[in-house]
Amino acid sequence: MTGDHQTLALLLFSTFVAVTLAITTWVSRKRQGSAEEFYAGGRLFSPMENGFAIAGDYMSAASFLGISGLIALYGYDGMLYSVGFLVAWLVVLFLVAELVRNCGRFTLADVVAARMRERPVRIAAGTSSVTVSVMYLVAQMVGAGSLVALLLGGTTEAARTWTVIGVGALMVIYVSLGGMRATTWIQIVKAVLLLGGTVTLTALVLVRFHGDFDRLLRTAAERSGHGEAFLAPGLAYGGDWTSRFDFISLGLALVLGTAGLPHILSRFYTVPTARAARRSVVWSIGLIGGFYLMTIVLGFGAAALVGPGAVRASNAAGNTAVPLLALDLGGGAGSTGGTVLFAVVAAVAFATILAVVAGITLASSASVAHDLYASLRRRDAKPRSEVAVARIAAVGIGAVAIALGLLARDLNVAFLVGLAFAVAASANLPVLLYSLFWRGFTTRGAVWAVYGGLVPSVVLVLLSPVVSGSPQALFPGVDFQYFPLQNPGLVSIPLGFVAGWLGTVTSREVPDEAKHAETEVRSLTGAGAV
Amino acid sequence: MQPSNDRLSGAWGGPESAVDHRDAPVGASADASPSPGYDDPWYDALASGWGESAGTGVPEPAPPSMRREPAGGSPRGAADVYLEVQRSAAFQEVRSRYRRFVVPAVAAFFVWYVAYVVAATTAPTLMARPVAGAVNVAMVAGLGQFLTTFLLTWAYARHARLRRDRAALELRWETQELTRGVRGGGS
């Protein structure tokens with residue numbers, strides 16, 4: 001890593017920070033401070049804008065760096081991530097986006113609480129939303145830490161620590177000052193930057209191989225040292241049955257988790273109607289699908305041009321494959337083109353992390369203020385402005401995520417994201433689908449569905465090899481590993497659905513037909529939607 | 001108009017009210033507020049404006065005594081409106097159009113995705129079989145997932161735009177007219 005890279009990358013990155021800060025101040029200049037404005041950006045974004053923002057929220061550094069790196073190292077097995085991350089959007093489009101837009105106001109709990117006794121349901125859904133958000137945030141913080149280690153060359157602990165703290169602090173400022181409007185614009189800017197960078201790199205890779213995808217694959221397979229096996233599944237997950245079940249578990253979590261991610265759900269409230277929500281999902285599926293197709297080319301390109309050996313030497317998890325590929329495509333180390341491309345890619349990756357952190361911080365602060373605080377505060381207490389509480393919550397959540405991010409800094413980023421998806425799929429998706437589609441669903445069922453998914457998924461993570469009992473674990477010194485799989489989805493997602501069903505059939509509460517009618521009519525027609 | 005979350009939660013009461021009202025004698029609540037629906041202007045709107053969207057669209061107005069809502073002013077009426085709309089043929093047509101597309105589509109892509117993941121982890125030799133050049137079955141299946149996702153997205157958007165949007169929008173305005181009429185006095 002030469003000084004040129006660092007200077008240029010830091011310069012570009014500082015420009016991004018300056019531009020987004022300017023956006024934040026500009027859009028918040030006539031801010032009214034209403035909840036509508038803070039959580040939903042006034043609900044007046046166009047489908048295209050929101051589609052870019054959703055794509056920006058979703059395409060995290062884990063996808064950009066992580067998936068390409070996994071493909072560069074393990075070939076086909078890395079590609080399975082791309083597929084899962086994209087197919088998940090069909091669940092969102094078909095079952096969630098329009099109906100949630102019609103029924104809710106700001107958060108997931110709004111949809112459920114409309115039919116049920118409000119307090120217990122809000123507390124449950126709020127708790128699970130905050131849990132998911134914090135896990136997702138930790139992944140992004142860890143990503144920021146590893147990226148800056150790459151960017152600054154040295155792996156000094158102090159630099160990483162201060163980066164994580166800096167990223168967290170910056171985001172808290174964005175979110176608490178600018179609310180949803182600023183966050184959305186940051187996502188849009190970031191999505192354009194990321195897609196621009198990815199398209200450029202992909203075009204350069206394809207030009208290098210004269211547009212011959214087949215030759216690209218052959219070269220990658222040859223260079224990898226695995227031959228044909230590099231292009232078939234099994235290199236990473238084909239070992240024993242535990243790792244195969246682990247992959248199925250991850251696959252399930254990926255495809256079902258997206259529809260339960262609070263920061264994705266809250267994006268649908270930034271457009272005026274359900275129709276606009278649908279069109280923004282169509283936009284984002286196009287953008288995200290194109291992006292993941294390109295990460296496949298980049299991954300195999302990195303394997304073919306840089307070589308898995310060099311990738312692994314730079315970062316054992318493969319996270320630096322794309323920056324190294326950029327260096328090679330630009331003309332190799334020392335050349336001007338290589339330096340510029342490398343710096344651009346590093347800055348884009350950093351911007352990606354910042355934007356995703358902003359989105360999640362906002363969504364979780366909404367859960368704290370709108371669901372937890374509103375339900376838990378004493379009835380006689382003076383009602384503080386919800387937006388003020390949300391701002392304080394953003395600071396608190398930022399602090400928690402920074403602390404956990406520092407603790408978990410040696411864990412793999414894509415893997416941490418997989419855990420967040422598993423918890424979202426177990427705790428949030430069952431309750432959401434049941435309350436939208438099941439006539440007989442009751443309050444107890446809703447509460448059980450949330451806790452019945454949340455508690456097992458979190459406990460199984462704690463008992464998994466991630467936390468203890470293996471050399472790469474969070475606490476390698478101790479061993480309380482009782483669950484073999486790294487990802488709990490295969491067990492905890494069915495548990496969430498079963499718990500919701502069990503809670504419903506065992507409760508004596510008669511399901512309220514009128515409220516079900518209201519939810520159904522509102523979700524499909526948009527009557528009474530804000 | 002704001003959504004009903006807040007106003008309903010106030011009127012429908014605290015934690016236990018939903019259960020309590022179920023047990024209350026139905027006749028009593030009907031006596032307490034004698035059939036507000038029939039006196040209200042929205043009832044005429046219901047009768048006149050409904051049948052246009054579907055041939056048999058005139059909803060069956062259930063007698064007030066059959067409904068089990070808590071006694072009281074506006075929420076009772078609003079809840080009635082949603083029940084009426086839910087039972088109307090126009091709404092059931094929209095709902096069944098939605099379900100007829102979504103249920104098979106969800107089943108299809110979910111089965112196809114799970115089959116893909118399971119095959120990738122349990123049948124690597126099948127997946128490694130070459131198709132053309134360096135491209136093997138696994139690569140084709142993976143790209144096929146992308147393709148089916150794009151196709152289903154397009155099909156869903158088209159279906160919703162052509163078969164659901166107009167009817168849903170009409171229902172939306174009608175329902176809001178009705179609830180506004182009901183709530184007008186109370187709020």
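**Note on a predicted two-chain model**

1. Phe209(A) counts as buried because it has 20 C-beta neighbours inside 10 Å, and 20 is the number at which a residue is called buried. The structure is a predicted model, and the points below should be read with that in mind. Phe209(A) sits in the loop between α8 (157-208) and α9 (213-224) of chain A. Apart from neighbours within four places in sequence, Phe209(A) is in contact with Arg215(A) and Leu216(A).

2. His210(A) belongs to the loop between α8 and α9 of chain A. His210(A) counts as exposed, because 8 C-beta neighbours lie inside 10 Å, and the limit for exposed is 12 or fewer. The phi of His210(A) is positive, about 55°, although the residue is not a glycine.

3. Arg43(A) also deserves a look. Its phi is near 60°, a positive value in a residue other than glycine. Arg43(A) is found in the loop between α2 (35-40) and α3 (47-58) of chain A. Is Arg43(A) buried or exposed? Arg43(A) counts as buried, because it has 20 C-beta neighbours inside 10 Å.

4. In chain A, helix α4 (residues 61-74) packs with helix α5 (residues 76-103) at an angle of about 145°, and their axes are 6 Å apart. On the α4(A) side the residues are Ser63(A), Ile67(A), Leu70(A), Ile71(A) and Tyr74(A). Those they meet in α5(A) include Met79(A), Tyr81(A) and Phe85(A). By class, this contact has seven nonpolar, three polar and one charged residues.

5. Chain B has nine helices and two strands. Read from the N terminus, its elements run α-α-α-α-α-α-α-α-β-β-α. Of the 187 residues in chain B, 29% are buried. Among contacts in chain B with a separation of 6 or more, 76% join residues 24 or more positions apart.

6. Helix α7(B) has 34 residues. From its first C-alpha to its last it reaches 48 Å, close to the 50 Å expected at 1.5 Å a residue. Its buried residues include Phe91(B), Val94(B), Tyr98(B), Phe109(B) and Tyr113(B). Among the elements of chain B, α7(B) has the highest mean pLDDT, 91.

7. The model scores ipTM 0.89 and pTM 0.83. Chain B has a mean pLDDT of 67, and 57% of its residues reach 70 or more. Helix α5 (residues 41-49) of chain B has the lowest mean pLDDT among the elements of that chain, 33. Over residues 1-75 of chain B the pLDDT is below 50, and this stretch has 100 contacts in the model beyond near neighbours in sequence. Where pLDDT is low, the predicted coordinates should not be read in detail.

Key
Residues are numbered from 1 along each chain as its sequence is written. Chains are lettered from A and ligands numbered from 1 in the order in which they are written. This is a predicted model: local features need pLDDT of at least 70, side-chain atom pairs count only at pLDDT 80 or more; totals for chains, interfaces and linings use all residues. Helices (H or I, at least four residues) and strands (E, at least two) are DSSP runs, numbered from the N terminus. Two residues are in contact if their C-beta atoms, placed from the backbone, lie within 7 Å. Axes are lines fitted to C-alpha atoms, for helices over the stretch in contact, and angles run from 0 to 180 degrees between N-to-C directions. Ala, Val, Leu, Ile, Met, Phe, Trp, Tyr, Cys and Pro count as nonpolar, Asp, Glu, Lys and Arg as charged, and the others, Gly among them, as polar. The expected span of a helix is 1.5 Å times one less than its number of residues. pLDDT is the predictor's confidence in each residue, from 0 to 100.
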